[in-house]
Amino acid sequence: MSNVVSTSTPSKPPKRATIKDVAAEAGVSVAAVSKVLRNAYGVSDQMRQRVELAIDKLSYRPRTGARTMRGSSQTIGLVLTDFASPFQFEVAEAIASRLSRTDYQDILTIAGTSPQGYRRRIDALVDLQVDGIVLISPRLGMSALSHFARTTPLVTVALHGEPKLFDTVVTDERLGARLMVDHLVSLGHEWIAHTTMPVSSVEDSYQLSQTMRRQGFIEAMDSHGLVPDIIETYYSEAGGRSAAKRALARKHRPTALFAGTDAVAFGALDYLEEQGLHIPQDISVAGYDNVHTSGLRRVSLTTVDQSGKQTGEAAIELLLERIGGRSEASLRVIEPALVTRTTTAPPPQQRSR
């Protein structure tokens, strides 16, 4: 009986695409691919699109060897939207506090609300070779965020979606809005206005916190058989003043104003008291965030606590895990809690009864 020897050879694993393969597929130079990968400033949209299509087609993943060879910069980038958000600074403070127990230093930058501003700030941080980046309420589409995450560990805050290449920390915004509506309705309020930001143009495959709060407010009002009143403004004290002015001009003046953030509530309180109204005797005001100022005795704002401290700590822990080598996406959800203080009470007609 003869022995049969197989001459077939085991199939080799598919060859991992290189940066040269991507350049050839896109019809550009290796240097051009490198600029796109580094998100360097000055890359045209057409060039970026050609390279990204080639990357997706070839399933190209940059090797981490280059980062390892250059060593760690021991820096973490933190991108905020603006200076008007106390909550964002509480998140930043928590991140800085956690990093103080490590060898990392944080680099904070303000991007504004435009996608271009965010892209420039992230480009600058990548050029500084930070080891990772935390983005708070990012004004970039999912494809752009995923692109950055291919080369730099990335964590977002207040982005509701299902990212595959980066981590995110959110609050259950719908629940937070429902808690506040339920509280106001339990006091007897039927005409409740909610201030929110306009829906951002970048909210393609995800939603930002203001959109989730708006949805939660509408759903909660509908469940009580009430008509939701939405006032679009900006998340700032000036935005709160503007919203309060418009609320007072409503045909059905609201008996309660549920501001999208505490900063908006502060502006609303200032304007309403300036108009001679008493809080909460004439109108109730509530916020969202529970920033430090909300608990001061002179303010005593009813609000939703989403813990900037917990949010910041969760974000930096996820980022440090990413830097340490974890590759699968992770989501942390911070559960909100209602904090009742002295700016909400039954509406005037309820008290008169």
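Guide: A salt bridge is a side-chain nitrogen of Lys or Arg within 4 Å of a carboxyl oxygen of Asp or Glu. This is a predicted model, in which local features need pLDDT of at least 70 and side-chain atom pairs count only at pLDDT 80 or more, while totals for chains, interfaces and linings use all residues. Residues are numbered from 1 along each chain as its sequence is written, and side-chain values use heavy atoms, leaving out hydrogens and water.

Visitor: How many salt bridges does that rule give?
Guide: The count comes to 16 salt bridges.

Visitor: What about Asp289, which residue does it pair with?
Guide: Asp289 forms a salt bridge with Arg213, and their closest N and O atoms are 3.7 Å apart. The two residues come from distant parts of the chain, 76 residues apart: Asp289 is in the loop between β11 (284–286) and β12 (303–305), and Arg213 is in helix α9 (residues 209–223). The helices (H or I, at least four residues) and strands (E, at least two) are DSSP runs, numbered from the N terminus.

Visitor: Is Asp289 buried or exposed?
Guide: Asp289 counts as buried, at 4% relative accessibility. Buried means under 20% relative accessible area, exposed over 50%, and partly exposed in between (1.4 Å probe, protein chains only).

Visitor: Over which ring does Arg213 lie?
Guide: Arg213 lies over the face of Tyr288, at 3.8 Å from the ring centre. For this, CZ of Arg or NZ of Lys must be within 6 Å of the ring centre and within 35 degrees of the ring normal.

Visitor: Let us move on. What does Lys57 meet in a salt bridge?
Guide: The side chain of Lys57 meets that of Glu25, with N to O at 3.0 Å. This pair also links distant parts of the chain, since Lys57 belongs to helix α3 (residues 45–58) and Glu25 to helix α1 (residues 19–26), 32 residues apart. Lys57 is exposed, with a relative accessible area of 60%, and Glu25 is partly exposed at 38%.

Visitor: Which residues are linked in a network of salt bridges?
Guide: The network joins Asp167, Glu321, Arg322, Arg326 and Arg332. Asp167 is in strand β6 (residues 167–171) and is buried, with a relative accessible area of 0%.

Visitor: What is Asp167 in contact with, beyond its neighbours in sequence?
Guide: Setting aside residues within four places in sequence, the contacts of Asp167 (heavy atoms within 4.5 Å) include Leu154, Thr156, Leu318, Arg322, Arg326 and Ser330.

Visitor: Changing topic, where is Arg341 found?
Guide: Arg341 is in the loop between β14 (337–339) and α13 (348–352), and is partly exposed at 23% relative accessibility. Not counting residues up to four places away in sequence, Arg341 touches Asn290, Ser294, Gly295, Ser300, Leu301, Thr302 and Thr303. His183 is 158 residues from Arg341 in sequence, yet the two are 12 Å apart in space, C-alpha to C-alpha.

Visitor: Which residues touch the most other members in the largest nonpolar core?
Guide: Val169 and Leu272 do, in a core of 46 residues. A nonpolar core is a set of buried Ala, Val, Leu, Ile, Met, Phe, Trp, Tyr and Cys residues joined through side-chain atoms within 4.5 Å.

Visitor: Which element gives the largest share of this core?
Guide: Helix α11 does, with seven residues. Elements that give two or more residues include β1 (75–80), α5 (86–99), β3 (132–136), α10 (237–248) and α12 (308–323). Apart from this core lies another, of 21 residues, among them Ile122, Leu125, Ala144 and Leu154.

Visitor: What does Val169 contact, away from its neighbours in sequence?
Guide: Leaving aside residues within four places, Val169 is in contact with several residues, including Val155, Val157, Leu159, Ala314, Leu318, Arg332 and Ile334.

Visitor: Finally, how many helices and strands are there in the protein chain?
Guide: The protein chain has 13 helices and 14 strands. Its C-alpha trace spans about 100 × 50 × 40 Å along the principal axes, and buried residues make up 51% of its 353 residues. Among contacts between residues at least 6 apart in sequence, 69% join residues at least 24 apart.
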